[in-house]
Amino acid sequence: MQMILQLSNMNRLARCLMIFMIRKAEYLCVFLAGGVIYGLLEMMWRGFTHWSMTVAGGICVLAIHLLNHRMRHRSMILRCTLGCAVITAVELAAGVIVNLLLGLNVWDYSGMYGNFLGQICPAFSFLWFLISFPACGFSNAARCFFERVEFTESRAENERKAEA
């Protein structure tokens, strides 16, 4: 009986470890996809990008993904407003580091109305609000895919148990 309990605990531990690894793979994939997609969007918009923008894009999409999942029962407008706030905050932090401290001058919004330190402005914040809609859609698709992977792994584990 004690051996059965130990095996049961081992199975629970293995399942928790499997879910942990699937979540980490999900977050890594969302981060990488966000960085690549943002870099491509910026190249289409400006004709060039900087590696720091792919990192910032990955951080933004991952943050939106986490927010979108935690707030899935809230309105899309609220989720996109929070997405806009996250992107604007990441843009400000990246701008202060990359443009002001390191002097790389990747972007400069000094000529834009309402800018703050030339790093963020209301016009681009509104654009980030609009971009948050497809980002939330991407987040939903990614979560759905990884939940299917988790379900498939759980089902395979249950079938292995049934065969034993």
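1. Four helices contribute to the lining of the largest pocket: α1 (2-46), α2 (51-70), α3 (76-101) and α4 (122-163) each supply at least two of its residues. Helices here are DSSP runs of H or I with at least four residues, numbered from the N terminus. A pocket is an open set of points on a 1 Å grid over the protein atoms alone, where a 1.4 Å probe fits, with protein on both sides within 12 Å along at least five of seven lines; lining residues have an atom within 4 Å of a point.

2. The model is predicted: local features need pLDDT of at least 70, side-chain atom pairs count only at pLDDT 80 or more, and totals for chains, interfaces and linings use all residues. Residues are numbered from 1 along each chain as its sequence is written, and side-chain values use heavy atoms, with hydrogens and water left out.

3. The largest pocket holds about 560 Å³ of space, the volume being the space filled by probe spheres set on the points, with grid points joined across faces, edges and corners. Its lining has 25 residues, and Y38, L41, I87, W128 and I131 lie nearest the centre. By class, 20 are nonpolar, two polar and three charged. Nonpolar covers Ala, Val, Leu, Ile, Met, Phe, Trp, Tyr, Cys and Pro; charged covers Asp, Glu, Lys and Arg; the others, Gly among them, are polar.

4. The largest nonpolar core has 20 residues, and M53, W107 and Y109 have the most contacts inside it. Two or more residues of this core come from each of α2, α3 and α4, and α3 gives the largest share, seven residues. Such a core is a set of buried Ala, Val, Leu, Ile, Met, Phe, Trp, Tyr and Cys residues joined through side-chain atoms within 4.5 Å; buried means under 20% relative accessible area with a 1.4 Å probe, protein chains only.

5. Beyond four places in sequence, W107 is in contact (heavy atoms within 4.5 Å) with R46, M53, E91, A94, G95, N99, G118 and Q119. N99 sits in α3 and is buried, at 5% relative accessible area.

6. Apart from neighbours within four places in sequence, R23 contacts R143, F146, E147 and E150.

7. Buried residues of α2 include S52, M53, H65 and N68.

Methods:
Buried means under 20% relative accessible area, exposed over 50%, partly exposed in between (1.4 Å probe, protein chains only).
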